[in-house]
Amino acid sequence: MAPTRLPRWIENFTARHGACSLRVADGSLLGEAADTSTFSASLPFSGSYSGPAEVGSFVAACAPPDDWGVLLVRKGGFAVARLAGELMEESKVGQRHVQGRTKAGGQSQQRFARRRGNQARIAFEAAADHAARIAGSVPVLVVGGDQVAVTEVLNDPRLSRIPVVGEFLTVPDPRRAVLEAAIAEACAVTISVTNA
């Protein structure tokens, strides 16, 4: 959830479960209600919270880094962006054709598999080139898409040294709207609830 929505969410949690006490443990903000229901709120970007047990302080700690990047890769395309806080400074969304599977058998199947492999390799190289140009010097990177495709792109020496933070984002084929949604998801607070 967006960090700005957390105060209202805690108010609703309190209304449903009774008075709520807050504490900080294991880098998260924890809450326990009168009926023993609990929640845990974790910072985005793999952050560890060590501030006071106050909602306002926790929300302030959720601010995105001053310099960071997002990389989304699937076989059908890629999206990369460099951000300053919440402001997108530069981005690129691209698509490359990668042939789908075929029902043909024998030599035809092998030929199509080789062609598909070559097309995927070229698509990943293009994604790595754009990622290195746009986000190659960011201190942290949030990634998503297809795990195998992302790993292929991050194996590029220009990108392999950048620390990957946050949760892996599960997204469809990257388009502009998908990139914008992924940026919002990367900045979100993760909440776990255990009801009494």
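Colleague: Is Asp67 buried, partly exposed or exposed?

Modeller: This is a predicted model, in which local features need pLDDT of at least 70 and side-chain atom pairs count only at pLDDT 80 or more, while totals for chains, interfaces and linings use all residues. Residues are numbered from 1 along each chain as its sequence is written, and side-chain values use heavy atoms, leaving out hydrogens and water. Buried means under 20% relative accessible area, exposed over 50%, and partly exposed in between (1.4 Å probe, protein chains only). Because its relative accessibility is 21%, Asp67 counts as partly exposed.

Colleague: With which residue does Asp67 form a salt bridge?

Modeller: A salt bridge is a side-chain nitrogen of Lys or Arg within 4 Å of a carboxyl oxygen of Asp or Glu. For Asp67, the closest N and O atoms of the pair are 2.7 Å apart, and the partner is Arg82.

Colleague: How many residues apart in sequence are Arg74 and Asp173?

Modeller: These two residues form a salt bridge, with the closest N and O atoms 3.7 Å apart. Arg74 lies in strand E4 and Asp173 in the loop between helix H4 and helix H5, so the pair ties together parts whose separation in sequence is 99 residues. Helices (H or I, at least four residues) and strands (E, at least two) are DSSP runs, numbered from the N terminus. The separation asked for is 99 residues.

Colleague: Which helix holds both Glu180 and Arg176?

Modeller: The side chains of Glu180 and Arg176 meet in a salt bridge of 3.3 Å, N to O. They are separated by about one helical turn, because they stand four residues apart in helix H5.
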